[in-house]
Amino acid sequence: MSDTSPDALSAADSPLPEALRLTAPAALVDIGANLTHESFESDLPAVLARAEAANVRALIVTGADPEGAERACALSQRHPNLWATAGVHPHHAADWNHALERSMRDLHAQPRVVAVGECGLDFNRNFSSPADQERAFEAQLALAAESGLPLFLHERDAGRRMLEMLHEWRHRLSDAVIHCFTGERDTLYGYLDLDLHIGQTGWLSDERRGHHLREFIAEVPAERLMVETDCPYLLPRNLPAKIKGRRHEPALLPWIVRELARWRGEDEEALARATTQTASRFFRLQETFEP
Ligand SMILES: [Zn+2]
């Protein structure tokens, strides 16, 4: 989940316009889809059908609060190409308590739950105090160490503290991805030095705030890079057609791969294959998912 826009995102009445019916040149994994968001309530089957038509073959549904994580887990049990994460986003960190920790631990034992998170630090808005955020994050680092699951991490304007905490915990963690990485080059290298993975959304298509990423995104090794929509948030700003309701959806992931390939100076199909291979290994989808 990213910063929630104050305007309501809603389901468009019609399917995607012709110009946005894209098909990826190789099967893709959307590692961050907030499909429990209310905007998907009325038409999720159609959204999933469009994702499949676009060659988005596996989706990791983000669970970012107690109720959302329960629902993400339930969704993943009903659809063969959905998996889920379970965690508490820094915005909700003030809610962290023992009962919540127990319910997260139960979710992490479910076979379709493939990561701990979304969790981390967000000092951009401080919806929860930094002290509460660190407490909830530390508890979830411990849950990841205990379960052996990889982490799905959120960080905004908190790179320095995030690096300090991860440095302390790294030897006890299997793997971690910084989802929707939007930071500066030195923070990126800090994460890569800790052997972490990097998730990329349509952020770098944003001419207002994504410019800096274009300069160094090519420096992320292919086997450390994964792609995500973070839908319904972060609709890419340079799509070739407008969408009524401005809701982002997994069928648009091929556009993000195209943009990423362009700024990395890389072949689109090779990038699609590499990110899928990385995601499949990272989330341990191999047994049930064949791209
Ligand atoms: Zn996020």
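Mentor: Before we start, a definition: two residues are in contact if their C-beta atoms, placed from the backbone, lie within 7 Å. Keep in mind that this model is predicted.

Trainee: Is H8 roughly parallel or roughly perpendicular to H9?

Mentor: Two packed helices are described by the angle between their axes and the distance between the axes. The axes of H8 and H9 come within 9 Å and cross at roughly 110°. Angles of 65 to 115 degrees count as roughly perpendicular. That makes the orientation of H8 to H9 roughly perpendicular.

Trainee: Are H3 and H4 roughly parallel or roughly perpendicular to each other?

Mentor: Helix H3 (residues 98–108) and helix H4 (residues 130–147) have axes 11 Å apart, at an angle of about 30°. The cut-off that applies is under 35 degrees. H3 and H4 are therefore roughly parallel.

Trainee: Is the crossing of H3 and H4 left-handed or right-handed?

Mentor: Residues Glu-101, Met-104, Arg-105 and His-108 of H3 meet Ala-139, Leu-143 and Ser-147 of H4. That contact has three nonpolar, two polar and two charged residues. The crossing of H3 and H4 is right-handed.

Trainee: Which residues is Leu-253 in contact with, leaving aside neighbours within four places in sequence?

Mentor: Leu-253 is one of the core residues that touch the most other members. Beyond its sequence neighbours, Leu-253 contacts Ala-24, Leu-28, Asp-30, Ala-54, Val-56, Val-227 and Thr-229.

Trainee: Is Leu-153 buried or exposed?

Mentor: Leu-153 sits in strand E5 (residues 151–156). Leaving aside neighbours within four places in sequence, its contacts include Gly-117, Cys-119 and Ile-178. Because 30 C-beta neighbours lie inside 10 Å, Leu-153 counts as buried.

Trainee: How many other C-beta atoms lie within 10 Å of Ile-178?

Mentor: Ile-178 belongs to strand E6 (residues 176–178). Beyond residues up to four places away in sequence, Ile-178 touches Leu-153, Glu-155, Tyr-191, Leu-196, Ile-198 and Gly-199. A residue is buried if 20 or more other C-beta atoms lie within 10 Å of its own. Ile-178 is buried, and its number of such atoms is 27.

Trainee: Is Arg-208 exposed or buried?

Mentor: Arg-208 lies in the loop between strand E7 (197–200) and helix H7 (211–216). A residue with 12 or fewer such neighbours is exposed. Since there are 6 C-beta neighbours inside 10 Å, Arg-208 counts as exposed.

Trainee: What is omega for the bond that joins Cys-231 and Pro-232?

Mentor: Most residues other than glycine have a negative phi, and most peptide bonds are trans. The bond joining Cys-231 and Pro-232 is cis, and Pro-232 lies in the loop between strand E8 (225–227) and H8. Another cis bond runs from Gly-117 to Glu-118, with omega near 15°. For Cys-231 and Pro-232, omega is about 5°.

Trainee: What is the phi of Leu-234?

Mentor: Leu-234 lies in the loop between E8 and H8, and Asp-230 is found in the loop between E8 and H8 too. Asp-230 has a positive phi, near 60°, and counts as buried with 26 C-beta neighbours inside 10 Å. Leu-234 also counts as buried, with 22. Leu-234 is not a glycine, yet its phi is positive, at about 55°.

Terms used:
Residues numbered from 1 in each chain as written. Predicted model: local features only at pLDDT ≥ 70, side-chain atom pairs only at ≥ 80, totals over all residues. Axes fitted to C-alpha atoms, helices over the stretch in contact; angles between N-to-C directions. Helix = DSSP H or I, 4+ residues; strand = E, 2+ residues; numbered from the N terminus. Parallel < 35°, antiparallel > 145°, perpendicular 65-115°, else oblique. Core = buried A, V, L, I, M, F, W, Y, C linked by C-beta atoms within 7 Å. Left-handed = near helix turned anticlockwise from the far one by under 90°. Nonpolar A, V, L, I, M, F, W, Y, C, P; charged D, E, K, R; others polar.
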